[in-house]
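Work through the exercises below with the structure in view. Try each task before reading its solution.

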Amino acid sequence: MIQNSFIDRTQNIGNDFFSFLQSLLNREKKFLILGDLSEAFHEFKKNNQIENPELDDIIRHLQECFVLDNSIHLDVRVKIGYSEFYCVNMEEQLIEPISIKQYLIRKEKFINPNFSNNILTIDFKPFYDKNPSVRDIKNIGAGVEYLNKFLSSEMFTNLDKWRDLLMNFLKLHKHNNQQLILNDRINNAEHLNENIKKANRILSELNSSEPYKNIKHQMQNLGFEIGLGKDAGNILENLDLLDTLLNSPDNSSLKDFISRIPMIFNIAVVSVHGYFAQENILGRPDTGGQVVYILDQVKALEKELINTLKQSGLNVLPKIVILTRLIPNAGDTNCNVRLEKVTNTKNTWILRVPFRNHNPKVTDNWISRFEIWPYLEEFAEDSYTALKAEFNGRPDLVIGNYSDGNLVSYLISKKFGVTQCCIAHALEKSKYLFSDLYWNDLEDQYNFSIQFTADLIAMNSSNFQITSTYQEIAGTEFTVGQYETHKHFTLPGLYRVENGINLYDTKFNVISPGVNERIYFPFTKKSNRIKSLQETLNGLLFGNTEDSDIFGTLENSERIPLFSMARLDVNKNLASLARWFGESKELQEISNLILIAGRINTNDSSDKEEIEQINLMHHYIEKYNLQNKIRWIGKLFRKDEAGEVYRVIADHKGFFVQPGLFEGFGLTVLESMNSGLPVIATKYGGPLEIIQNGVNGYHIDPVNDDESIRVLTEIVSRSKNNPVVWEKLSEASIKRVQEKYNWRLYSKKLLSQSKIYGFWKYSTDLENTGKDAYLDLIYHLLYRPRAQRLFLKHNSTES
């Protein structure tokens, strides 16, 4: 972290800093980002034989720079979540600090000198200044812990106000018109205090296992309803916690008590794009890890909900509804079925609501996640009615997923007046380089102006945000996180964002998902494996079984398999993996490349990006003559089949390679590791935290071709020469997942946080009216008009 003034530090190191900047003026490229700067600085040091640790540290903190009018403009990341901006006049060697707005305006001028300065500027800072925020970098993503401390401190400071607020909050809770926790026999907070003591005297004399039903009337007479515990022991424990909160509140008591309140019975989980079903969909366009994540998530949430409600004394079956879109022309999937029960659950359902039928050529078919925006507002309106009917009322919590689902969660939760949780999974802005600066050039294919606006609305409207890793929010010491890329940016000619998000806000929480251990279990558990499936997959992967959906054969199936399974899109970067394999003769001599990826024929796809990647794959296969060294399988696999695929590759002592340019989390990495198949994965995103490099897997830098080839070759060679290397990696992979990532812990944390943020929402709703109005303006002035333009484009194209 830069401790002293940036200007002072540059002056203290003499001319070396200005000499480096002068070298940038001579480069053909005038806009440099982190990787460019690192490369340029390496060349500068080598050419000038400079060794200056202070200069090294300064350059490491430069995120980007650009040359405009013989001045160099710098974005200096002072620490995580905080940047300073400078203009360096190279003629006078003068460094001048400039504001965020000035820096963004000059970026716009770099793109087009004719752009007007008078465009909308968005700034959420005044709203975040009113909220509590964590102070320490290491506590980013642990917002609920800090919020508990803040709330308990506020309660302690102003007991009378918070006593009344807490009592009124508890009186709100009902289920099917049945009053829970407190009734109207308790008139005020002082009365509540007295009756807690009376109840405790009664409960102390009873056996702790005495059921609530036997003491129901005594409790009701004192003002206490069902919901405080299933027996005398539970009720006594919870009333003790409530007594502490009323008299000497602390963060631990607040968390424990609020987490036990039966506040959540119905949950709506929103996932709009792609194909959402339980089988025969993985590998289709826009369909992958998010579907797996949600199906595993809801099963764990249902189990935990049933358990917590039972502990509170309620014999109630909760309901979870996954809200997605109905696709009339859904092929051989269930995506055209309105209602589908989730297997291995008691009351969890997939509810599919169709887009309104403005143009059947568009709305009856799959629509790319980049094109879906014009239909979401009406979808949210129709979904509101559908959910109201399904729940016979309203959900208690709405969880959005990805940009489109998060926007719908904003619209629905606002209408229902309930807690909103958002899970980004992947923010496209961090995946596509310069997608903000050159948004207009990319708009025809990606519509980033709409998506980035939707992301801003959702992340600022949510009551809390869930991420799978710390770096999703805040990156690392020298690289920005996904959310951090939304802190300040510009869409030249449209709008600029001075402060789009506050990483230190208490809404951010890291809750890592687990893996479905019933499907993705270690390959060594032979008795759990189905022999017939094992044999079929062996033939498919290694036996050169002929199939119209498979390209390539293996001339030597005994070579170590390098395996990957993902969608075919730019970010998943599988074409680069094929190119690395093709460029390394050594790698070809010791390994085979096996890919399960999308489709192998362009005629079978309607996704522009997938078609481009299919053509690129065929180009590399032909260029490097890989036809006898690759198995490219364009089939869709059921989840149980996918689990066995990992294990079959592990039987052959192979490796799973995840070469993504960026991976928000990396669910396939977890699945592979828990199957005992070691992983070599991108260092950009979740795998950086999942994998301990050299211990239970390895990282690669997918933008550095030579290094990626070297890492792959070294690991495979070492494993071939010494089988113990592979065995140790396999064992360590399983251990890592089982100790760190599980759905039971995830569901406990998510439900607990939902309740705490529900309490926070209740206590601050009136204070947030300004931000709500601001979001409403952004939605109606920016999002809606651009979505409407896309709608008109669809209809003019298809008419």
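The exercises that follow concern a predicted model.

**Exercise 1. A threonine and its surroundings**

Task: Find which element holds Thr324, decide whether Thr324 is buried or exposed, and list its contacts beyond four places in sequence.

Solution: 
- Step 1. Locate the residue. Thr324 belongs to strand 10, which covers residues 319-326.
- Step 2. Check its accessibility. The relative accessible area of Thr324 is 0%. Buried means under 20%, so Thr324 is buried.
- Step 3. Look for a polar partner. A polar atom of the Thr324 side chain lies 2.7 Å from the backbone oxygen of Ser271.
- Step 4. List the contacts. With neighbours within four places left aside, Thr324 touches Ser271, Val272, Phe276, Ile350, Leu351, Arg352, Val353 and Phe379.

**Exercise 2. Two aromatic pairs**

Task: Classify the ring pair of Phe124 and Tyr774, then do likewise for Phe551 and Trp632.

Solution: 
- Step 1. Recall what is needed. A pair of aromatic rings is described by the distance of the centres and the angle of the planes.
- Step 2. Start from the count. The model has 49 aromatic pairs. In the pair of Phe124 and Tyr774, the centres are 5.2 Å apart and the planes stand at 85 degrees. An angle over 60 degrees counts as edge-to-face, so this pair is edge-to-face.
- Step 3. Phe124 is in the loop between strand 6 and helix 6, while Tyr774 is in helix 31. The pair therefore ties together parts 650 residues apart in sequence.
- Step 4. Compare accessibility. Phe124 is buried at 0%, whereas Tyr774 is partly exposed at 21%.
- Step 5. Turn to the other pair. Phe551 and Trp632 are 6.4 Å apart, centre to centre, with 65 degrees between the planes. This pair is edge-to-face.
- Step 6. Phe551 lies in strand 19 and Trp632 in strand 22, 81 residues apart. Phe551 is partly exposed at 26%, but Trp632 is buried at 0%.

**Exercise 3. Charges over rings**

Task: Which ring does Arg284 lie over, and which ring does the charged end of Lys487 sit over?

Solution: 
- Step 1. Take Arg284. It lies over the face of Tyr275, 5.3 Å from the ring centre.
- Step 2. Take Lys487. Its charged end sits over the ring of Tyr82, 5.8 Å from the centre.

**Exercise 4. Salt bridges**

Task: How many salt bridges does a search of the whole structure find, and which parts does the bridge of Asp243 and Lys197 tie together?

Solution: 
- Step 1. Side chains of opposite charge can pair when their charged atoms come close.
- Step 2. Take the total. The search finds 50 salt bridges.
- Step 3. Examine one bridge. Asp243 and Lys197 meet at 3.9 Å, N to O. Asp243 is in helix 11 and Lys197 in helix 9, so the bridge ties together parts 46 residues apart in sequence.
- Step 4. Check its ends. Asp243 is partly exposed at 23%, and Lys197 is partly exposed at 44%.
- Step 5. In the pair of Asp547 and Lys635, the closest N and O atoms are 3.0 Å apart. Both residues lie in loops, and the pair ties together parts 88 residues apart in sequence.
- Step 6. Finish with a network. Salt bridges with shared partners join Lys526, Arg529, Glu644, Arg647 and Asp651.

Conventions: Residues are numbered from 1 along each chain as its sequence is written. This is a predicted model: local features need pLDDT of at least 70, side-chain atom pairs count only at pLDDT 80 or more; totals for chains, interfaces and linings use all residues. Side-chain values use heavy atoms; hydrogens and water are left out. Helices (H or I, at least four residues) and strands (E, at least two) are DSSP runs, numbered from the N terminus. Buried means under 20% relative accessible area, exposed over 50%, partly exposed in between (1.4 Å probe, protein chains only). A polar contact is a pair of N or O atoms within 3.5 Å; within protein, one must be able to donate a hydrogen and the other to accept it, and residues adjacent in sequence count only if both atoms are side-chain atoms. Contact means heavy atoms within 4.5 Å. Rings of Phe, Tyr and Trp (its six-membered ring) pair if their centres lie within 6.5 Å; planes under 30 degrees apart count as stacked, over 60 as edge-to-face and the rest as tilted. A charge sits over a ring if NZ of Lys or CZ of Arg is within 6 Å of the ring centre and within 35 degrees of the ring normal. A salt bridge is a side-chain nitrogen of Lys or Arg within 4 Å of a carboxyl oxygen of Asp or Glu.
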